[in-house]
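Please read them with the structure open beside you.

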Amino acid sequence: GDGTIDVLHQDANHSEATSCEEVTRWTPKIRPGGYWVFDDTNWESTKKAQQMLIELGFAEIEDHVSWKVYRKCS
């Protein structure tokens, strides 16, 4: 259900369409204060999905070049 996930690790197909769809699908499920671990953030095809996370109320809290951690603020 919505707001029930504490930590989500995204490491699926990293096409732009798929990664954006995952952001749309999973964002409501993550509770405020929850974490999204996003793999392959250095791929050009994931840049739009990462921007979507920011626009949907996530803050980037760690950057490890090829993966990042986002925290849901609201």
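1. The accessible surface of the chain is about 4,100 Å², and carbon and sulfur atoms hold 52% of that. Areas were computed with the Shrake-Rupley method and a 1.4 Å probe; for residues, only the protein chains shown count as cover.

2. A word on provenance: this is a predicted model, in which local features need pLDDT of at least 70 and side-chain atom pairs count only at pLDDT 80 or more, while totals for chains, interfaces and linings use all residues. Residues are numbered from 1 along each chain as its sequence is written, and side-chain values use heavy atoms, with hydrogens and water left out.

3. The order of elements along the sequence is β-α-β-α-β-β, from 2 helices and 4 strands. Both kinds are DSSP runs numbered from the N terminus: helices are H or I with at least four residues, strands are E with at least two.

4. For overall dimensions, the C-alpha atoms occupy a box of roughly 30 × 25 × 20 Å along the principal axes. The radius of gyration is 11 Å, which agrees with the value near 11 Å for a compact globule of 74 residues. That radius is taken over C-alpha atoms, and the globule rule is 2.2 Å times the number of residues to the power 0.38.

5. Of the 74 residues, 39% are buried; buried means under 20% relative accessible area, exposed over 50%, and partly exposed in between (1.4 Å probe, protein chains only). Take the contacts (heavy atoms within 4.5 Å) between residues at least 6 apart in sequence: 64% of them join residues at least 24 apart.

6. Which residues of helix H1 (residues 16–26) are buried? They are Ser19, Cys20, Glu22 and Val23. They lie on the same side of H1, because their arc around the axis is only 155°; the arc is that of the directions from the helix axis to the C-beta atoms. Ala17 and Thr24, on the other side of H1, are exposed. The buried residues pack against strand S1 (5–10), strand S2 (30–39) and helix H2 (47–55).

7. Do look at threonine 46, in the loop between S2 and H2. Threonine 46 counts as buried because its relative accessibility is 0%. Leaving aside residues up to four places away in sequence, threonine 46 touches His14, Ser19, Phe38, Asp40 and Thr41. Glutamate 16 is 30 residues from threonine 46 in sequence, yet their C-alpha atoms are 5.6 Å apart.
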